[in-house]
Amino acid sequence: MTDATPQATVKPEKPAGSGRAIWQQFRSHKGAVFGLAVLTFLVLAVLIGPYLWQPEKLSVAQAMKVRNQPPSWQFPLGTDQLGRDMLVRMMQAGKVSLAVGFVAMIIAITVGTLIGVLAGYFRRLDGPLMRMTDMFLALPLIPLLLVMVMLFRDRIASVMGPELGAFTLIVFAIGITSWMQAARIVRGEVLALKEREYVLAARSIGVAPRRIILRHILPNVVSPVMVAATLGVAEAIITESVLSFLGLGFPPDFPTWGRLLFDGLQYMQLYPERVIWPGLAISLTVLSVNYIGDGLRDALDPRIRGR
Amino acid sequence: MKLKSALLGAVCVFAFAPAAFAERGADGELKLTFPQAVSIMTPYLSGGTKDIYAASMVLEPLAGLDPQGVLVPKLAAEIPTLENGGISADLTTITWKLQPGLLWSDGTPVTADDAVFTAAYCMDPAGGCAQATKYEGVASVEAVDATTIKVTFTGPKPNPYTAFVGALAPILQKAQFANCLGAAAPTCTDANNMPIGTGPFMVTGFTVNDTVSLTANPNYRDPAKPAFATAVIKGGGDAEGSARAVMETGEFDYAWNTQIPPDSQTAMTAAGKGQFVVAFGTLVERVEMNTTNPSPDLPEGERSTAKHPHPILSDIKVRTALSKAIDRSILVEVGYGAGGKPTCNVIPGPDAWASDNTGCLTQDMPGAMALLDEAGWKDSDGDGIRDKDGKKLSILYQTTVNPIRQDFQALIKDWWTELGVEVELKAIDPGVFFGGDPGSPDTFQKFYADVEMYANNSDNPDPETYLGQYQCKNAPTPENGWQGENINRFCDPAYDALHAELTKTTDIAARQEIAKKLNDMVTKDSMTVIPLVHRGTLSAHSLTLGGVAINAWDSELWNVADWFRVK
């Protein structure tokens with residue numbers, strides 16, 4: 001870190017220039033721009049939406065009169081079988097689902113990249129780290145998650161409260177069980193990269209391994225990591241709904257998109273919008289994140305950029 | 001005069017016409033669909049309701065139960081009672097008389113030996129008989145003569161109508177099952193899949209976990225029945241699909257177990273092809289109160305045990321307030337529609353056994369708030385949650401993962417929050433919740449929560465065993481490996497004494513009185529159990545199918561011989 005800062009001050013124009021180039025390349029990818037717009041819209045909707053849309057809280061008796069309403073001015077997305085405003089529920093659910101998706105992805109990518117780089121770069125660490133990765137890959141994930149949730153849920157909940165406790169545990173559980181693909185991809189890339197001439201050159205003039213990794217290797221593995229990360233977001237949202245489905249996710253009064261989808265399933269024939277809204281939200285998120293990943297990969301790869 | 005007799009004759013012809021048409025096999029094929037496919041045709045080797053119901057078309061017991069829970073003779077000539085001498089004065093024997101001239105579907109006569117054999121078959125310890133409880137307490141079964149069966153019990157039995165009664169304990173043909181005793185029972189595939197019976201139908205084809213084909217039994221005791229020549233039971237799919245096949249497309253005549261949301265029920269009934277029928281047994285969805293402290297701060301082994309009474313729910317005023325705040329009719333409307341009705345009883349039926357307890361049916365929010373005020377729970381810091389001595393009125397409410405239960409949780413949480421009670425919800429995988437694993441903290445027996453919701457029912461119209469579960473000794477504890485049915489850890493010596501009296505009482509009216517009192521002791525008198533909804537089994541039948549009399553106490557197909565095609 002201390003080394004990086006002076007260099008940035010010595011040549012300020014270079015990062016800015018590459019940043020602009022990246023952005024230009026990214027902008028030329030129409031799907032990526034569209035994905036970014038959709039994702040921004042979704043994120044803003046769940047973050048700011050609840051402040052803009054605040055319907056009065058109905059009592060149970062009042063809510064019973066507006067059950068299963070189709071979309072209207074009063075309820076833009078209709079109401080569910082208990083007379084709850086679907087728009088409010090979609091926003092609450094989205095906040096949780098998106099947060100779970102992104103935080104779990106960041107954990108998985110960080111752990112995966114760290115282990116992949118260490119294993120790929122340092123020969124002595126390769127064996128033990130990769131065997132550990134194999135071990136995690138061989139573990140059946142759902143039972144492992146179930147055991148983790150079962151063992152730690154009450155303890156974490158007693159410290160952090162039921163909702164934050166469930167969030168921490170689920171995000172951690174998903175993150176810690178989905179880093180293996182990223183680790184394998186990164187290791188493979190690093191193994192190839194570290195034999196390249198410029199890495200050899202850097203090594204021959206005595207650059208410390210940490211600098212080589214940060215300066216020469218990591219920027220070159222960004223693209224596969226990005227792809228893994230985008231897939232990871234989608235996977236985390238889906239894993240969370242599996243956990244909710246099994247009753248081990250969030251408390252039942254804490255909606256997530258996966259849970260709304262599950263709840264709407266039995267009403268699908270009569271009120272198809274009940275599954276369309278959460279389904280659409282999940283699909284849009286996953287698709288837009290994938291497109292952004294695609295665009296980022298192109299933009300960050302110096303060989304593609306500028307062509 | 002001539003005209004008059006001619007008219008009379010015409011009237012007679014029309015009056016007898018239906019009887020004349022009611023001829024065996026006149027109405028073609030009866031098509032049934034079960035969401036769960038049939039795997040075996042003998043109830044002795046299966047606990048599955050689907051198998052038991054399918055087998056009831058072929059195999060018959062000596063007596064069955066009608067929709068009111070009253071005994072009706074099937075193979076027996078009449079129901080043995082103390083009055084007609086069928087039951088001995090000391091209540092240790094019951095003597096059944098077979099109807100004369102009964103034949104198996106292969107044409108051989110039914111004799112008392114078949115009954116003796118059936119008892120031996122199910123009571124063989126190596127056989128793994130699924131209905132062994134039906135023969136519990138039976139010391140011996142003997143054939144007094146070719147048509148008389150005498151069952152001797154090991155002690156006085158106030159309710160001797162267990163062996164050979166109901167769809168769970170039909171008579172098997174000795175000749176067919178002779179080599180299937182004990183450990184050989186499951187290996188007799190042909191006999192198990194295509195048993196020879198006395199019922200209105202006999203099996204002609206059986207595909208495991210798929211289809212059962214049946215045809216009218218030529219030797220059935222009533223020559224005019226069944227009205228259908230053939231029948232087919234198609235299994236598989238789900239409740240929604242089965243209901244649709246009867247109610248909307250009309251592909252099937254009868255669908256068992258079509259529990260679907262109330263909105264879908266209304267929509268399907270509107271199609272005008274069929275109707276839903278509900279069998280109300282004793283299944284009650286309830287909220288159970290924990291009378292012991294489930295706090296995680298207590299050491300393991302002391303949580304949820306009688307050592308520590310519950311800090312909040314030990315006060316009956318709190319329990320009553322929680323019950324008063326619930327509007328049960330809304331719960332029924334949201335969750336079950338025609339398939340449920342509000343109840344305040346643990347024993348909601350048969351009618352003769354049910355208490356007239358209706359006090360909980362109307363929601364009383366002001367009354368509930370007054371009770372909490374009286375109990376000293378007041379919102380002193382203005383955060384909307386009541387507190388007392390610095391402790392918040394906060395409860396953990398758990399149940400299984402199930403869309404209807406989650407709706408109930410949401411509604412009840414709303415009501416309780418309005419009352420000033422903080423509610424934390426938890427939903428547990430049903431496999432874990434009902435799994436009974438003593439190592440898991442999430443089983444309903446361990447009850448590591450303040451209140452929990454599930455449904456339970458009595459297997460028998462006579463609720464003696466069922467009510468027995470609320471005795472002090474049946475509380476789950478670490479010492480008994482958390483086994484036991486007294487989930488609330490309810491403990492009242494008066495209750496135990498009254499239940500002991502029930503086990504000794506033989507007079508049916510007196511038994512019913514005691515059962516009602518016991519029911520009231522756990523519900524309205526102590527508010528330990530808060531019943532919510534009396535749930536039925538929802539089935540659907542086509543409007544072209546007549547004679548259906550839905551039955552919660554025996555097989556739903558108990559009177560399939562009387563079913564006919566409406567023309």
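Residues are numbered from 1 along each chain as its sequence is written, while chains are lettered from A and ligands numbered from 1 in the order in which they are written. As this is a predicted model, local features need pLDDT of at least 70 and side-chain atom pairs count only at pLDDT 80 or more, whereas totals for chains, interfaces and linings use all residues.

Student: How many helices does chain A have?

Tutor: Helices here are DSSP runs of H or I with at least four residues, strands are runs of E with at least two, and both are numbered from the N terminus. Chain A has zero strands, and its pattern along the sequence is α-α-α-α-α-α-α-α-α-α-α-α-α. So, by that DSSP definition, the helix count for chain A is 13.

Student: Which helix of chain A has the lowest mean pLDDT?

Tutor: pLDDT is the predictor's confidence in each residue, from 0 to 100. Chain A has a mean of 83, with 92% of its residues at 70 or more. Among its elements, helix α6 (residues 123-138) has the highest mean, 91, and the lowest, 45, belongs to helix α1 (residues 4-10).

Student: Is Ala45(A) buried, partly exposed or exposed?

Tutor: Ala45(A) sits in helix α3 (residues 30-52) of chain A and touches Met91(A) and Gly94(A), leaving aside residues up to four places away in sequence. Buried means 20 or more other C-beta atoms within 10 Å of a residue's own, exposed means 12 or fewer, and partly exposed is in between, with C-beta atoms placed from the backbone. Because Ala45(A) has 19 C-beta neighbours inside 10 Å, Ala45(A) counts as partly exposed.

Student: Which element supplies the largest share of the side of chain B that touches chain A?

Tutor: Here 24 residues of chain B are in contact with 19 residues of chain A. On chain B's side, α7 (262-270), α9 (328-335), α11 (403-418) and β16 (422-428) each supply at least two residues. The largest share, nine residues, comes from α11(B).

Terms used
Two residues are in contact if their C-beta atoms, placed from the backbone, lie within 7 Å.
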